[in-house]
Structures are given as structure tokens and as C-alpha cells.
Amino acid sequence: QVRLVESGGGLVQPGGSLRLSCAASGSFRSISAMGWYRQVPGKQRELVATTTSGGSTNYADSVKGRFTISRDNAKDTVYLQMDSLRPEDTAVYYCKADIRRNAVITPYWGQGTQVTVSS
């Protein structure tokens, strides 16, 4: 089985920073894309940032210039550095990894970590 474990969420004041981590474990050949999504109650889950195994990145317009996604392929871990946080960044943040087993790629999700930006 595959497991994604997230960490790093919490309460921070506006303008502050947080760093999220997500480590994948289990039996698999490799990981294709990895990314972060977020969701607030009553709204659909939305993309925050993604990165490919080759290091290409993609960001939501709302976080460009403030958030940075990175990954350590040797550790099967993806990070999200969040700077200049705003109250509207408050959400549950979910990690997603596209896991490759043989010729099949399957998406897996973490359990989510709460990020609250408030004074």
C-alpha cells in the first residue's frame, strides 16, 4: 500500500510563513507528479502547486510569488514553502502524488493538514 503523511500546518499571523511536508511510503516503482491542493468548507478542492519528477512547476495565480513547491526524489517527499500568508490562504491543505506501479499511474491523497492565517 501507499501512504502519504503530511506535516507542518498550524496557525500563523498574516504575513507569516509555514512549510508543509509530505512524505510518500509503501511499495511502488516511482512517483510522477506531486502537488498540493487546498479546500475550504463549502468549496471545491483547488490546485495550489504541482511539480513533475523532472522539476517543472505550476502554481495557482493566487499563490504565485508567495509559495514555492519543491521535492526531494530520493526521499519521495514534496514541500510547500508558504510566505507572505494571507487570511484567504486558510484551508485544509492536501498532498497528492501520482504513484507509478508497473505501467499504471494512480493518484493518492494525504489526510490533509490545517493551515489557519489569522491575527
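Colleague: Why is Ser84 called partly exposed?

Modeller: This is a predicted model, and in it Ser84 has a relative accessible area of 41%. Buried would need under 20% and exposed over 50%, so Ser84 falls in between and gets the label partly exposed.

Colleague: Where does Ser84 sit, and what is its phi?

Modeller: Ser84 is in the loop between β8 and β9. Its phi is positive, about 50°, although Ser84 is not a glycine.

Colleague: And what makes Asn102 exposed?

Modeller: Asn102 comes out at 57% relative accessibility. The cut-off is over 50%, so Asn102 counts as exposed. Asn102 also has a positive phi, about 55°, without being a glycine, and its place is the loop between β9 and β10 (104-109).

Colleague: On to charges. How do you know that Arg66 and Asp89 form a salt bridge?

Modeller: Their side chains meet with N to O at 2.8 Å. The limit is 4 Å between a side-chain nitrogen of Lys or Arg and a carboxyl oxygen of Asp or Glu, so the pair of Arg66 and Asp89 qualifies. The two are 23 residues apart: Arg66 is in the loop between β6 (57-59) and β7 (67-72), and Asp89 is in the loop between β8 (77-82) and β9 (91-101).

Colleague: Are Arg66 and Asp89 buried or exposed?

Modeller: Arg66 has 8% relative accessibility and Asp89 has 1%. Buried means under 20%, so both get that label. Arg66 and Asp89 also belong to a network of salt bridges with Arg38 and Glu46.

Colleague: How many salt bridges does the whole structure hold?

Modeller: The search finds 5. One of them pairs Lys64 with Asp61, with the closest N and O atoms 3.1 Å apart. Asp61 is exposed, at 64% relative accessibility.

Colleague: Why is Lys96 called buried?

Modeller: Lys96 has 16% relative accessibility, and the cut-off is under 20%, so Lys96 counts as buried. Lys96 lies in strand β9.

Colleague: What does Lys96 pair with, and what does Lys96 touch?

Modeller: Lys96 forms a salt bridge with Asp98, with the closest N and O atoms at 2.9 Å. Asp98 is buried as well. Side chains of opposite charge can pair when their charged atoms come close. The two side chains also make a polar contact at 2.9 Å; the limit for that label is 3.5 Å. Leaving out residues up to four places away in sequence, Lys96 touches several residues, including Leu4, Met34, Tyr37, Tyr108 and Trp109.

Colleague: What makes Cys22 and Cys95 a disulfide?

Modeller: S to S is 2.1 Å, and the cut-off is 2.5 Å, so the two sulfurs count as joined. Cys22 is in strand β3 and Cys95 in strand β9, 73 residues apart. Both cysteines are buried. With -75° about the S-S bond, the link is left-handed. The structure holds 1 disulfide.

Colleague: Which residues touch the most other members of the largest nonpolar core?

Modeller: Trp36, Val48, Phe67, Leu80, Met82 and Tyr93 do, out of 30 residues in that core. Among the elements giving two or more residues to this core are β3 (18-26), β4 (30-39) and β5 (46-51), while β9 gives the most, with 5 residues. In soluble globular proteins, nonpolar side chains tend to be buried together.

Colleague: What does Leu80 touch?

Modeller: Not counting residues up to four places away in sequence, the contacts of Leu80 include Leu18, Leu20, Trp36, Val48, Phe67, Ile69 and Tyr93.

Colleague: Last one, the whole chain. How many helices and strands are there, and why is the chain called as compact as a globular protein of that length?

Modeller: There are 0 helices and 11 strands. The radius of gyration is 14 Å, close to the 14 Å that the globule rule gives for 119 residues, so the description holds. The C-alpha atoms fill a box of roughly 45 × 25 × 25 Å along the principal axes. Buried residues make up 41% of the 119 residues. Of the contacts with a separation of 6 or more, 55% are between residues 24 or more positions apart.

Definitions and conventions: Residues numbered from 1 in each chain as written. Predicted model: local features only at pLDDT ≥ 70, side-chain atom pairs only at ≥ 80, totals over all residues. Heavy atoms only, no water. Buried < 20%, exposed > 50% of the residue type's maximum accessible area, 1.4 Å probe, protein only. Helix = DSSP H or I, 4+ residues; strand = E, 2+ residues; numbered from the N terminus. Core = buried A, V, L, I, M, F, W, Y, C linked by side-chain atoms within 4.5 Å. Contact = heavy atoms within 4.5 Å. Polar contact = N/O pair within 3.5 Å; in protein donor to acceptor, adjacent residues only side chain to side chain. Rg over C-alpha atoms; globule rule 2.2 N^0.38 Å.
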